[in-house]
Amino acid sequence: MKSFTVGEFIVETQSTFPGSSGELSKILSAIKLASKIVSHHINKAGLAKEILGSSGAENVQGEDQQKLDVFANDTFINALSARGVICGVASEENDSYIAFDDRVNNDAKYVVLIDPLDGSSNIDVNVSVGTIFSVFRRKSGKGTPVQLEDFLQKGDNQVASGYLIYGSSTMLVYTTGNGVNGFTFDPGIGVFFLSHPNMKIPENGAIYSVNEGNLSSFKQPVKDYITYCQSSNNLEDKKPYSSRYIGSLVADFHRNLIKGGIYMYPSSANAPKGKLRLTYECSPLAFLIEQAGGRAISEEKRIMDIVPKSLHERVPFFIGSKYMIDKLEELIKSGT
Ligand code: AHG
Ligand code: MN
Ligand code: MN
């Protein structure tokens with residue numbers, strides 16, 4: 001495979017990013033830079049005690065903010081605000097959106113929504129974590145400060161989305177609506193190389209990812225689907241599916257994208273609307289999975305059709321191989 005760097009790949013595919021005159025490369029270069037800094041800190045987290053553990057603060061979700069949540073958030077926001085191509089950012093770690101309200105950025109065409117550190121509860125136990133991002137063209141008038149409406153757009157309007165996974169290696173996986181490509185970071189030379197061109201999720205899979213600790217309060221169709229996964233009559237080799245749940249959405253998603261599988265975060269007693277946020281977790285991954293040949297639903301609805309009502313809106317979330325989602329959807333629609 002020709003060793004494309006992300007930069008070279010973007011130049012080669014620039015024409016596929018609608019109406020862009022280099023903005024995509026600037027947005028992705030900001031994300032690349034921030035991810036290298038975050039990756040470096042994550043990889044030494046075990047040594048640098050000052051960046052481990054809780055920050056002592058809570059985010060808007062009432063969740064305990066890890067120090068690295070705050071560090072990653074600051075790093076991505078600083079990198080994104082510095083290139084004059086984004087008029088504002090909405091982040092899991094900020095109550096409201098951040099307007100880059102100056103002349104240059106007010107003329108910018110794009111907004112970014114971000115989960116700066118996904119799976120952060122896993123930081124202190126050395127388990128893979130990630131960053132998830134979503135890019136929209138602004139709806140409000142150029143030359144004016146960004147508005148809330150710019151961030152509350154349905155997933156179908158995304159012009160790009162992707163994630164970083166900080167695991168055994170650091171990878172960037174993104175789409176601009178023309179397929180999904182994965183790039184692996186070479187820390188020796190500080191460059192991301194194309195390692196997974198044109199990623200496609202297997203149409204069927206034998207891995208299901210869900211927190212089964214919440215099983216008793218799942219809706220019946222979800223319980224029935226999990227029983228189906230555990231039965232041995234649904235695969236040619238008459239074996240049940242494997243249960244794999246890491247507790248970092250990006251890590252579970254990435255494994256299922258490569259091997260085939262389904263990730264579920266249903267509504268439950270302690271998460272009546274589900275846990276995952278539509279705007280900066282579900283929609284960006286839904287864009288990626290559909291580009292890779294998979295599906296993403298929220299009970300009866302397609303994720304990419306849902307117009308968010310608020311920045312931190314939570315929805316039940318099911319994403320993965322087409323035939324696995326089809327089967328779950330069949331049970332949901334029959335209301336078993
Ligand atoms: P975040 O760290 O950004 O809040 O996301 C955590 C999410 C997701 O990454 C993971 O799959 C899920 O929370 C795990 O939730 P449970 O511990 O409730 O299973
Ligand atoms: Mn998250
Ligand atoms: Mn997070």
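A residue counts as near a molecule when one of its heavy atoms lies within 4 Å of that molecule. With that in hand, let's look at ligand 1: 18 residues surround ligand 1, and the closest are G119, Y245, L249, Y263 and Y265. This is a predicted model, in which local features need pLDDT of at least 70 and side-chain atom pairs count only at pLDDT 80 or more, while totals for chains, interfaces and linings use all residues. Residues are numbered from 1 along each chain, ligands are numbered from 1 in the order in which they are written, and side-chain values use heavy atoms, leaving out hydrogens and water.

Polar contacts (pairs of N or O atoms within 3.5 Å) come next. A polar side-chain atom of Y245 sits 2.6 Å from an oxygen atom of ligand 1. For E92, a side-chain N or O atom is 3.1 Å from a ligand 1 oxygen, and for R277 the distance is 3.2 Å. Of the 470 Å² of accessible area (Shrake-Rupley method, 1.4 Å probe) that ligand 1 has on its own, the protein covers 85%.

Because D118 lies in strand 5 and E281 in helix 7 (residues 278-291), the pair ties together parts 163 residues apart in sequence; here helices (H or I, at least four residues) and strands (E, at least two) are DSSP runs. Both D118 and E281 are buried, meaning under 20% relative accessible area with a 1.4 Å probe and protein chains only.

Note on methods. Polar contact = N/O pair within 3.5 Å; in protein donor to acceptor, adjacent residues only side chain to side chain. Buried < 20%, exposed > 50% of the residue type's maximum accessible area, 1.4 Å probe, protein only.
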